[in-house]
Amino acid sequence: MEAEGLDWLLVPLHQLVSWGAAGAMVFGGVVPYIPQYRDIRRTQNAEGFSTYVCLVLLVANILRILFWFGRHFESPLLWQSIVMILTMLLMLKLCTEVRVTNELNVKRRFFADFDPRHFWHWSSFGDYVQCVVAFTGVAGYITYLSIDSALFVETLGFLAVLTEAMLGVPQLYRNYRHQSTEGMSIKMVFMWTSGDAFKTAYFLLNGAPLQFSVCGLLQVLVDLAILGQAYAFARHPPKPASHAAHPASAKAL
């Protein structure tokens, strides 16, 4: 009898928690990039952030949206992908503008050149948009032709979450290559870790497709590896590089 009497409180409270969790899923993924975005704007230096992180997230979320057409999953995950795509485009726009401003006497590079040596190192934000639109068009057309194949749909979903699970790998590699995390926002990585842990728990508790949960766990492990790099490089900083070698870092991942 007492439980029934509390229904007027528990039901709205449960609904409020569900809305809060859904809101956190939609917008929580973009929060880690706010400190990195502010750092880049403040310092006018984007060398510490790997723009391949943007590439990974753009590909992963485009594939996830296409997966939704074959196998509907929760709406917050769909909206999260849309918000993340817009966020990554903003990050790319800022990083490109800063890099081009800092580059002197460097030949301009364009997506239409189709030069694999300069892939994802173009001189204009518009070239990145062209690449994203082209990828979306090709992937969307293939999905349209194969949408009735359960094997294709499940493979598409696995590729989407596996790609997202590789999110931290470009940053991990960049840090290893330079033996430094200078320019990388530690706040961003802490937020990655907490956000991915929350996201994985959300997948498990809400019965999301298995691919989501497995790759979420992998993503948490990569985040922890990056935090381990930050700790290790802080304890044993590398010897300062010569001035002549420094410009090469402009081509860092």
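Student: Let's start with C215. Is C215 buried or exposed?
Tutor: C215 counts as buried, with a relative accessibility of 4%. Buried means under 20% relative accessible area, exposed means over 50%, and partly exposed is in between, using a 1.4 Å probe and protein chains only.

Student: Before we go on, where do these values come from?
Tutor: This is a predicted model, where local features need pLDDT of at least 70 and side-chain atom pairs count only at pLDDT 80 or more, while totals for chains, interfaces and linings use all residues. Residues are numbered from 1 along each chain as its sequence is written, and side-chain values use heavy atoms, with hydrogens and water left out.

Student: New topic: what does the secondary structure come to?
Tutor: The protein has 10 helices and zero strands. Those are DSSP runs numbered from the N terminus: helices are H or I with at least four residues, strands are E with at least two.

Student: And how much of the protein is buried?
Tutor: Buried residues make up 42% of the 253 residues.

Student: Where is S213, and what does S213 touch?
Tutor: S213 sits in helix α10 and is buried, at 7% relative accessibility. Apart from neighbours within four places in sequence, S213 is in contact (heavy atoms within 4.5 Å) with T200, F203 and L204.

Student: What about the surface? Which residues make the nonpolar patch?
Tutor: M166, V169, L218, L221 and L224 make a patch of about 380 Å². Patch residues have over 30% relative accessible area and no salt bridge; like charges are joined within 9 Å, and nonpolar side chains (Val, Leu, Ile, Met, Phe, Trp, Tyr) within 5 Å. A salt bridge is a side-chain nitrogen of Lys or Arg within 4 Å of a carboxyl oxygen of Asp or Glu.

Student: Which helix gives the most to that patch?
Tutor: Helix α10, residues 210-235, with three residues.

Student: And where is M166 found?
Tutor: M166 is in the loop between α7 (150-165) and α8 (169-178). M166 is partly exposed, with a relative accessible area of 30%.

Key:
Areas by Shrake-Rupley, 256 points an atom, 1.4 Å probe, with all protein chains shown as cover.
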